[in-house]
Amino acid sequence: MAAFTLLRMDHLPSDPLLHILSFLDFRDLIHCSYVSRRLNELSKHNPLWKSLCSKHWLLTDADRLKSSGSWYCLFKQYYKDLGRYIQYYPDLKKAWEQLKSFLQQRCPRMIASLKEGATEVELNDIEAQIGYRLPEDYRCSYRIHNGQKLVIPGLMGSMSLSNHYRSEVLLDVETAAGGFQQRKGMRRCLPLTFCFHTGLSQYMALQPVEGRRMFESFYPCPDQTAQDPSAIDMFITGSCFLEWFTTYVHNVVTGEYPIIRDQIFRYVHDKSCVATTGDITISVSTSFLPELSSVHPPHFFFTYRIRIEMSSSASPDAACQLDSRYWKITTSDGNVEEVQGPGVVGEFPVMTPGKVHEYASCTTFSTPSEYMEGHYTFHRLACKEEVFQVAIPRFHMVCPPFREPVVRTKAASSYTPRLDDHDDDGEYCDGDGDDFGDLRGINMAALEGAWCPRHI
């Protein structure tokens, strides 16, 4: 009978053990270090912790050289400071780094407006001030950057029309705490952004009250048909801070949101919204404006930006001028309206090879979704009798999800706004509801000398 040989851990080769340990997360790796002296030594193997430092803290060789310690010590250092946020830190840190890298190339002035991260003590003090806990993903992001200085343009996107300008600043936590809401209809809501020109803010619900869900972000929209001023509808912009912020950053760095005059514009471009007729290509992007919209009464305001481009390879004889536009507008309830008119926003652009003409216009609807399509009519410069049409691709306009408050003291009225296209003069009506501009912590003197382009 063969003798039985006891295989001890100390006799096993290091390479297969290290390979097994490489599949463990940091918690399991630490637990293994208590099993035996051999595993204690192997569990501190530098390459294991290099991988974990990269995974959880996004650290590089340059970071380790600055620390002059091992990867294991560097991991412990970061965990001691940021360990409570380890679930959120990689995604938020990556989003911030991507955003800063993009802005450095496209909007460098915004980089200077970012504030250094808040400390744990500062965030704890804010929680004590408002009497409620901040969500962990929000705290994590504000440890990286404590929002933005009160300057223009705002980090969280802009919009400019003929007589309307919006630019949302990402509030630092101290200013946000100054605007913390406890009034009926907005109880336990913390502002995330603020626009100096419109008073518009996006808020985050710190408690599930008054029909809101815990930690979701939203634009408040007063119910203008209710007798009770605390009846406030909500346009939902995110289910939590992490989703809200990382989705926005993704749209910025991937080019979904265009950069216009050093500002981020929240136009959304559907890649299918492109049509080419002959040498001319039309593309469309759209944006919803919550500050000019309401749920009660139903009034949904959209702006769209159209790009008209003539191919650089077109013949000089193809030069032409736009004469008129035609729109076919279909709402979600099946109503169809046709609109015709001269030019676009009062202009009759001349197109030559390689030329690009862009313009923005706006429209309102009584339904939360609709689409538009149509064509432009051109004539050749060399022969005015040669008239032809260029297709405008179908593009959809859909407002974000909205929710009514739990209790409405008055049923919505039967008022239905007229479906209208405002190409001719770009004018529109603004609601006269509460604009939620009562952020007590904002120093309005900070606006002195602020740059504010009214027309883009």
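**Backbone, helices and rings**

Mentor: Glu 210 has a relative accessible area of 22%, so it counts as partly exposed. Keep in mind that this is a predicted model.

Trainee: What is the phi of Glu 210?

Mentor: Positive, about 55°, although Glu 210 is not a glycine. Most residues other than glycine have a negative phi.

Trainee: And where is Glu 210?

Mentor: In the loop between strand S8 (203-205) and strand S9 (217-222). Val 345 also has a positive phi without being a glycine, near 40°. Val 345 lies in the loop between strand S17 (336-342) and strand S18 (350-351).

Trainee: Is Val 345 buried, partly exposed or exposed?

Mentor: Partly exposed, because its relative accessibility is 26%, and the buried class ends under 20%.

Trainee: Peptide bonds next. Is the one from Ile 152 to Pro 153 cis or trans?

Mentor: Cis, with omega near 10°. Pro 153 sits in the loop between strand S2 (145-148) and strand S3 (158-161). The bond from His 296 to Pro 297 is cis too, with omega near 0°. Most peptide bonds are trans.

Trainee: Which loop holds Pro 297?

Mentor: The loop between strand S14 (280-288) and S15.

Trainee: Now the helices. How do H4 and H6 cross?

Mentor: The crossing of H4 and H6 is left-handed. The axes of helix H4 (residues 46-57) and helix H6 (residues 71-82) come within 8 Å and cross at roughly 30°.

Trainee: Which residues of H4 and H6 meet?

Mentor: From H4, they include Trp 49, Leu 52, Cys 53 and Trp 57; from H6, they include Tyr 72, Leu 74, Phe 75 and Tyr 78. The contact residues of H4 and H6 divide into 11 nonpolar, two polar and one charged.

Trainee: Which ring residues form a cluster?

Mentor: Phe 26, Trp 49, Trp 57, Tyr 72, Phe 75, Tyr 78, Tyr 79 and Tyr 89, linked by ring pairs. Trp 49, Trp 57, Tyr 72, Phe 75, Tyr 78 and Tyr 79 are also among the residues where H4 meets H6.

Trainee: How many aromatic pairs does the count come to?

Mentor: The count is 28 aromatic pairs. One of them is Phe 302 with Phe 365, edge-to-face, 6.3 Å centre to centre and 65° between the planes. This pair links distant parts of the chain, with Phe 302 in strand S15 (residues 300-310) and Phe 365 in strand S19 (residues 356-365), 63 residues apart.

Trainee: Why does Phe 302 count as buried?

Mentor: Because Phe 302 has a relative accessibility of 1%, and buried means under 20%. Phe 365 is buried as well, with a relative accessible area of 1%.

Notes. Residues numbered from 1 in each chain as written. Predicted model: local features only at pLDDT ≥ 70, side-chain atom pairs only at ≥ 80, totals over all residues. Heavy atoms only, no water. Phe/Tyr/Trp six-rings, centres within 6.5 Å; stacked < 30°, edge-to-face > 60°. Helix = DSSP H or I, 4+ residues; strand = E, 2+ residues; numbered from the N terminus. Buried < 20%, exposed > 50% of the residue type's maximum accessible area, 1.4 Å probe, protein only. Axes fitted to C-alpha atoms, helices over the stretch in contact; angles between N-to-C directions. Left-handed = near helix turned anticlockwise from the far one by under 90°. Contact = heavy atoms within 4.5 Å. Nonpolar A, V, L, I, M, F, W, Y, C, P; charged D, E, K, R; others polar.
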